[in-house]
Amino acid sequence: MRRTLFENITHRTLTEPPPAPDEAALRELANQANRVARVRLGRSLSIRQIDAGSCNGCELEIHALNNAFYDLERYGFHFVASPRHADVLLVTGPVTKNMREALERAYNATPDPKWVVAVGDCAADAGIFAGSYAVTGGVKDVVPVDLHIPGCPPPPRKLLSALIALLE
Amino acid sequence: MDISRRTVSDQGWREAVARLASGKTTLLGLWGDAPNVQMALIDESAGAVELLTYACVDGQYPSVGAQHPPALRLERAIRSLFGLEAIGSPDTRLWLDLGCWDVDYPLSVRSMPRSGLGRAPSRKGITEQRAPYAFLPVEGEGLHQIPVGPVHAGIIEPGHFRFTANGEHVVRLEQRLGYTHKGIESLMAGASLDRGAKLAGRISGDSTVAYAFAFAQAAESALGISVPPRAAYLRALMAELERIANHLGDVGAICNDASFALMHAQTGVLRERVLRVSEAAFGHRLMMDAIMPGGVRRDLTGADSTAIQLLLAEIRRRLPRLIELYDNTASLQDRTVGAGIAKPEYVRQWGAGGYVGRASKRSFDARRTPGYAPYRELRFETPVLDAGDVNARVWIRIREIEQSLSLIEQILAAPPSGPIAAEVKGSGRVCDGLGLVEAFRGDVLVWLRLDTSGRIERCHLRDASWFQWPLLETAIEGNIVADFPLCNKSFNCSYSGHDL
């Protein structure tokens, strides 16, 4: 017993150095970590809000997203001043004929990839204003829409949950 | 409300315009009702409202704007919507019509049957619409133009501002509005009162209570319905909650435009609390559709009343500290004091209401003159200042929040009991009615005519902004371009309410 132990101390260790990590496995794991990090840390979307003819009710509730109760920025969303800086166009209102061109131009000025979120009942199909000579229709009648948030106006919690869904 | 209705000839119309131009009366509204035009005036000292109808001859009427400039944009709107021409008007450019509709004079087509009462709409408009809009000329050395909008940088409504600047200083601002024009008055024609009330509640989302209130008043006055006292109290309760919520939002937003975000964060919290209590009590954060002709949709429970009282206590506790913060922040005052002065003489001439009027000496308050239920039974003051600058408009809002808190306390202390709505049915005859309600930004006017079954034949809604937007053009003159957002926010005119 004692001899064996002494031998173990005096002899060199038999354990071999580790092999080099497998390149393919490393790449795979790195990609995985990158994906998770993007979701957890890098999820940030810039929003440009466009009123295409709303009654201003939706704007009030979108404003509320910035107050201390909802604090939209903690999720990585922030409002930007130009469509050229935006990932998301948040469009409200029935699109009036007088605003149609401005909405198209704002859409074309937004770089790809981009999402359009239509906010409010009017933004879906012109709502209560449908059929007027001055209204084109819903947002989808002018630019492609990715997500619609119903409500008149949708309360901030509803806006928030829909926007978070967009992130996920 | 005492209204004297008159159908006037050329002479009667001109006399009324002369009284208006001399300042004896104030313009409440001017609108088309093809083939007629109608004008509402108020004698502020007597509180008497006059409603004049002029039957256009060959689609023409004597211009009011030629003598009284506040009528100019209204006349341009009448021309664009009805094709009725104001003879002698110095400004005949289209207004609201930006050349994007498929029809000319959209309201004249609707209200003029095919049998051809009046004249057929002229096609003259087409060529004008195709020509670029003629902004007023500005001449001088070293001037440059800054076009802004319709899409603005922020979460705001659309409109176009054409600045002419000399270096940093604004020499002239000219507005071009109409981008949010939804043709609401055409949707009103033929609508039931129920649908009409819904539309009225969506003229301007921030004033949904005030509009629904004014619409209900107009319908009730047309049909001769008296509203149960409890309903009147609940309407006032909602109107004052709306006023508080908007003023809180505005005070914060004005400070935010002077880069003082702390105030915005604080008032934002209070505003959110008001909206949450409003939702609990009336079923909607902005209280949309809570008021309908005849009364209100939902009664107030004891629990709601307690929640509102707790809210008032919270605001009363926090507001003084915020007022002190505003008053003692020199860098903020540096921006607001002396900026964007609306001259009292213009305010009086234009009959500008709300904080724009009251910050420039005009004490008009529709709750008092001509007055409506239940405000005659309640005690409140109308704050008035004379500086007319951004600072004064902030202070008026602060003082009005305090008054609204007191009004709500009075309402909750002794609300009348009884029903919350009266029955509404057609009167069997054609009838018309007028409503005038003090919204947070000023008086809102609604006039409507109902047919025998109680459906809407014609409804006109005039936002306070009609008489405030033009004053913003004057207030910004000589200020630096960078102060425009601040001045604009202190006016906080409605786009949608104006554009309809």
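In the predicted model, 39 residues of chain B are in contact with 36 residues of chain A. The side of chain B that touches chain A draws at least two residues from each of helix H5 (184–188), helix H6 (193–200) and helix H9 (261–282), and H9(B) gives the most, with four residues. By class, this side of chain B comprises 19 nonpolar, 12 polar and eight charged residues.

Within H6(B), the buried residues are B:Leu193, B:Gly196, B:Ala197, B:Leu199 and B:Ala200. Viewed down the axis of H6(B), these buried residues fall within an arc of 160°, and they therefore line one face of the helix. The elements that cover them include H5, helix H7 (208–223), strand S10 (291–292), strand S13 (442–450) and strand S14 (456–462) of chain B.

Most residues other than glycine have a negative phi, and most peptide bonds are trans. In chain A, however, the peptide bond from A:Asp112 to A:Pro113 is cis, with omega near -5°, and A:Pro113 lies in the loop between helix H4 (97–109) and strand S5 (115–119). In chain B, a cis peptide bond with omega of about 5° joins B:Ala373 and B:Pro374, the latter being placed in the loop between helix H14 (367–371) and helix H15 (390–413).

A positive phi of about 40° is found at A:Asp71, which is not a glycine; A:Asp71 is partly exposed, with 13 other C-beta atoms within 10 Å. B:Met287, also not a glycine, has a positive phi of about 65° and is found in the loop between H9 and S10 of chain B, where B:Met287 counts as buried because 26 C-beta neighbours lie inside 10 Å.

Note on methods. Residues are numbered from 1 along each chain as its sequence is written. Chains are lettered from A and ligands numbered from 1 in the order in which they are written. This is a predicted model: local features need pLDDT of at least 70, side-chain atom pairs count only at pLDDT 80 or more; totals for chains, interfaces and linings use all residues. Two residues are in contact if their C-beta atoms, placed from the backbone, lie within 7 Å. Ala, Val, Leu, Ile, Met, Phe, Trp, Tyr, Cys and Pro count as nonpolar, Asp, Glu, Lys and Arg as charged, and the others, Gly among them, as polar. A residue is buried if 20 or more other C-beta atoms lie within 10 Å of its own, exposed if 12 or fewer, and partly exposed in between; C-beta atoms are placed from the backbone. The arc is that of the directions from the helix axis to the C-beta atoms.
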